[in-house]
Amino acid sequence: MTKSDQDIRCELSALYRILHMYGMTDLANQCAGARSAEDKDCSFVHPYGMFYEEITASSLVKIDKDGRKVNSDGPWLNDGCINLAQWIFNSRSDVNFYVHGHANDVMAVGGTKEGLMHLSQAAVYLNHLIGYIDYEFVEDKDFGKKFENLIGKHDILITRNHGYYTVGKTAAEAFFRAYYLEQACTVQVKNLSMGLTKHEIDKQKAAYFWDNMSSSDDYNYDGKTEWAALLRKLDRENSNYKS
């Protein structure tokens with residue numbers, strides 16, 4: 001079936017609510033976005049200041065490829081999220097959703113030279129997808145070009161000392177990567193804080209494990225196994241996200 005923009009609005013709204021459900025929020029200072037199904041040069045973002053638990057399908061705002069609101073009377077938008085929509089969707093035709101988060105443990109791991117280590121199965125899932133970019137508060141054209149270059153090569157970016165970005169073909173895929181990135185970083189922070197000798201999975205073994213995981217029919221690494229159940233949970237607990 002061909003998706004409509006209403007379908008995309010509902011899916012993005014669900015993504016916001018599910019991020020809230022799992023505590024993956026930072027007041028109003030993160031964002032997620034989705035590409036329009038009806039106009040691939042446009043995308044949807046949320047009004048700045050709305051908490052994830054408040055977002056509904058109708059509250060999302062459509063912007064064009066230059067980051068301008070399609071409806072000029074629309075609400076205030078976060079300029080950082082507008083930048084992300086431009087950089088990601090204009091440079092990755094295969095991507096339809098993204099998540100940007102400020103998880104404490106991802107910031108902690110991103111603030112080390114080592115970055116994410118192979119200390120958990122979640123790290124094995126994801127480490128081959130990850131790139132790193134230095135934090136810069138001023139997101140000028142030079143930073144935008146650097147971001148576009150890196151997001152063109154990686155499905156996950158960790159901003160040193162700041163947070164992360166995950167992208168996906170679907171909302172499920174972007175969420176899966178964000179969820180397990182946070183888990184992998186939390187395991188690393190706990191592991192290294194124990195004061196014991198760490199046991200890191202050898203990088204070659206980790207690559208071998210991932211090759212076997214990705215070729216197996218026993219599980220899906222794009223989130224689709226869990227997404228339907230997440231929507232059912234959301235429908236049970238707070239179905240007004242569709243409104």
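**From the whole fold to the cysteines**

Let's start with how the chain packs against itself: of the contacts in the protein with a separation of 6 or more, 68% are between residues 24 or more positions apart. Keep in mind that this is a predicted model. Its secondary structure comes to eight helices and seven strands.

What about the overall shape? Picture a box of roughly 55 × 40 × 30 Å, laid along the principal axes, and the C-alpha atoms fill it. For 243 residues, a compact globule would have a radius of gyration near 18 Å, and the protein has 18 Å, so the value agrees with that expectation.

Of the 243 residues, 50% are buried. The protein exposes about 12400 Å², and carbon and sulfur atoms supply 48% of that area. As for charge, you'd count 27 positive and 34 negative side chains, and the centres of the two sets lie 1 Å apart.

Time to zoom in on the cysteines. How many disulfides does a search of the whole structure find? It finds one. The partners are Cys 31 and Cys 81, with their sulfur atoms 2.3 Å apart. That falls inside the cut-off, because a disulfide here is a pair of cysteine sulfur atoms within 2.5 Å. Look along the S-S bond and you'll get an angle of -115°, which makes the link of Cys 31 and Cys 81 left-handed. This pair ties together distant parts of the chain: Cys 31 sits in strand E1 (residues 31-35), while Cys 81 belongs to helix H2 (residues 79-91), 50 residues apart.

Are the two partners buried or exposed? Cys 31 has 0% relative accessibility, so it counts as buried. Cys 81 is at 5%, so it counts as buried too. The cut-off behind that reasoning is simple: buried means under 20% relative accessible area.

With a relative accessible area of 0%, Cys 185 is buried.

Technical notes. Residues numbered from 1 in each chain as written. Predicted model: local features only at pLDDT ≥ 70, side-chain atom pairs only at ≥ 80, totals over all residues. Heavy atoms only, no water. Helix = DSSP H or I, 4+ residues; strand = E, 2+ residues; numbered from the N terminus. Rg over C-alpha atoms; globule rule 2.2 N^0.38 Å. Buried < 20%, exposed > 50% of the residue type's maximum accessible area, 1.4 Å probe, protein only. Contact = heavy atoms within 4.5 Å. Areas by Shrake-Rupley, 256 points an atom, 1.4 Å probe, with all protein chains shown as cover. Lys, Arg positive; Asp, Glu negative; His and termini not counted. Charge placed at Lys NZ, Arg CZ, Asp CG, Glu CD.
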